Amino acid sequence: MAARAGNRITSTVREAFASPLAAFLSVISAVAALALFWSAVNWLVVGAVWPWQAPDVCRTSSGICWPFLVEKTRFILFGTYPFALQYRPAIVSLMLIVLSVVTCRRLAAGGPAPDARGLALVWFAVIVVAFVLMGGGVFGLAEVDPVRWNGLPILLMLSIVAVVLAAPLGILLALARVQAGYPLLARLSAAYIETARGVPMLTVLFVGIFVLPLTLPEGTKVSPVTATLVALIFFHAAYFAEDVRGGLLGLPVGQGEAARALGLSYWQATRLVILPQALRRSLPSLVNSTIGAYKDTSLVVVVGIHDLTATARMSFGDPVWRNNALEAYALVGLWFFLSCGFLSAIGRKLHKSARS
Amino acid sequence: MRFTIRKCTCIQDASVTQVYMLPMIPPSAPPPIGTHLRTADIAVAGLVLGIVVLAMWNILANMSAAGISPGFDFLWQEAGFDVSEALIPYQPSDSYARVILAGLLNTVFLASICLVVSTLVGVAFGLISVGPSPVGRAVAMAYVELFRNLPKLLVLLVLYVVAVNGLPHVRQAISLGPIYLSNRSVAFPVIIFGEGAWIPFAAALAVVAIAACRKYLRRRSAEAHDNSRTERVIIAAALVLLPVLTMLIFGVRIDVSVPELKGFDFSGGGRLSTQFLVIVMTLGLYHGAQIAEVVRGGLKAIPVGQTEAAAALGLKRRQTVRFVILPQVLRLILPPMNNQYVNLIKNTSIAIAVGYSDLMSVSGTIINQTFKPLEMMLITMGLYLGLCACLTTLTNRYHARLTKREGR
């Protein structure tokens, strides 16, 4: 065992210096990697101020300030949500995370979303419960203004709910776009998809915040959270539609024709024959789009919604903690790295099963 | 001699490329209208139209209730706010139309610099990730993995904090010769041309035009040769000598403006704000990681047999890359690269988060001032759409040329 590991190391070293170019690249990369590693060690270990030390020490040290994280982690997670009621966003976050993980693992396990109807019902229930728990005002729960829905729960609600609701809309758009017999429908859908994909997400968010309330009858009030959510749903749907269309176009025409020849109606053929196959084909790129949508949700800070990135930015606004921006951002970065890493792993697994 | 080995242009290593190749579905031509429209089709279109009309009706009602009249007249009113940096002369007393133009130019400038930087970073890491060094491969993989899993806004904010806290104040600016780096900006000397500067520029332009014309005519004629080496030397020499000669003959003055510390800031010279540099770094690294994956996918998709066949034909390493590998890789990666570039143009809008006056942040300010969200968003979205469409048209044309060449 040890000998084999030793062999591998020797062969790797030999490969690293096999030619002048290889040696040059190896040395440069090794130096860069070591320099980065050394500064990371310096920040995390050598200069670190440990949680049990006094916060004042942070001012003179160059490393990570654990007292800051001890003090502010709860604020970064839940923001200005009433302190005594923070169990509610905690439950909402936990619920959404658990359900997302379960759904992803089921998808990765294979088959076209086993028990899709049950899962959809659970999702619907959880989304409703999430909004009720966050907002309160019923069942004796104290009411909380949406402006105070901050941090992790709002990030999860906006990203997960938007993705979950954008998916069916995207499927409908994709189906509409490939209808050769309905030219008006196909053109409308194509025009919508191409427009949404050709503009930055921020412009769509601005439309949601500023224009959407204007399009409703006079006197109707829309909270910024709802407006943003609607904008995100319509924006992501265009991207999902293109992914699904990729799967639809990859399907042999015979599949649909055979289903219709068997006497299935259009919707039956689509639901039972076309979509299960097309969706399985497009799952890898759907996962890719989902990761992008999840990461981009952090842009909602521009329209005044305080998600995880925004609460991190607020957490070091306090003059006492002015120099602790990196700690706050590191926490957020770690969260994104882990959650996106999980999604990427699911994507890789799907990709493998799609190929075999 | 041109070598094109036509057989194996299929994508071999699907695991690498497929994720990036999938989004580029050919835009299928829409079905023809007219022969026989179905009732259902008309009904759905009518429904959409109805919703749009209803929305417009509500917008008009809401606006008149708020005492605002819709329309684009506001574009000619005085803007009254300043932008942090503009490529065209701009004062707060100029019109809204002009400030939108300034923002658009900033976006175009920012996007083109980011495009170059991210391509350089991406190609470098893409090459390293298929290169001979295992250490380099590991580092390239780690880089790609890191930036694929972080939101670009977070990267931007971290780099901004590091730049503002890490770089010295203006008065203690780091100086690299005549270049000064501080936490507010980087100031550098620029060349200022005196009167009549258009003459040498025109001369240079004429040389380029003549060379382009020759090349075009050559391509249209039967034998398709590239310019010979002597010809290239002549063109390069003309490009340098003609402007210099005309400059001497007409006595055009050239001055160099060097930045100097005056009071609280630098005056003279050119400057790029920290915000600008931080956005370029963010998008360069962020899209660099994705372009590295595209390049790696393209390189992996070329079968080893191609290199071996080229070697068997007696081609040198350089010739193999130039005539066999590069044409195939280029054709393969151009569509996903276009995707990346379009995303990059759209992503320059995150500049609003650090206060660089690009199109997005300018239009945000205008909305707050005039409360014309519908008009402003139509303009902004239209401009972004136009920019992306221009780029896509260019790459499509180039792609068509590449495929045509191969087909011959």
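## Polar contacts and the salt bridge

Across the interface of chain A and chain B there are 11 residue pairs in polar contact, both at pLDDT 80 or more. Here a polar contact is a pair of N or O atoms within 3.5 Å; within protein, one must be able to donate a hydrogen and the other to accept it, and residues adjacent in sequence count only if both atoms are side-chain atoms. This is a predicted model, where local features need pLDDT of at least 70, side-chain atom pairs count only at pLDDT 80 or more, and totals for chains, interfaces and linings use all residues. Side-chain values use heavy atoms, without hydrogens and water.

The same interface holds 1 salt bridge (a side-chain nitrogen of Lys or Arg within 4 Å of a carboxyl oxygen of Asp or Glu). Its partners are Asp296(A) and Lys152(B), at 2.5 Å, N to O.

## How much is buried

Let's turn to area. Together, chain A and chain B bury about 6000 Å², with 71% of it on carbon and sulfur atoms; this is the accessible area (1.4 Å probe) lost on putting the two parts together, summed over both. Of the area that chain A buries against chain B, 10% comes from Leu184(A), Leu214(A) and Lys295(A), more than from any other three residues.

In terms of contact (heavy atoms within 4.5 Å), 68 residues of chain A meet 68 residues of chain B.

## A look at Leu286(A)

Leu286(A) is buried, at 15% relative accessible area (buried means under 20%, exposed over 50%, partly exposed in between; 1.4 Å probe, protein chains only). Leaving out residues up to four places away in sequence, Leu286(A) touches Phe240(A), Asp243(A), Val244(A) and Leu279(A).

Terms used
Residues are numbered from 1 along each chain as its sequence is written. Chains are lettered from A and ligands numbered from 1 in the order in which they are written.
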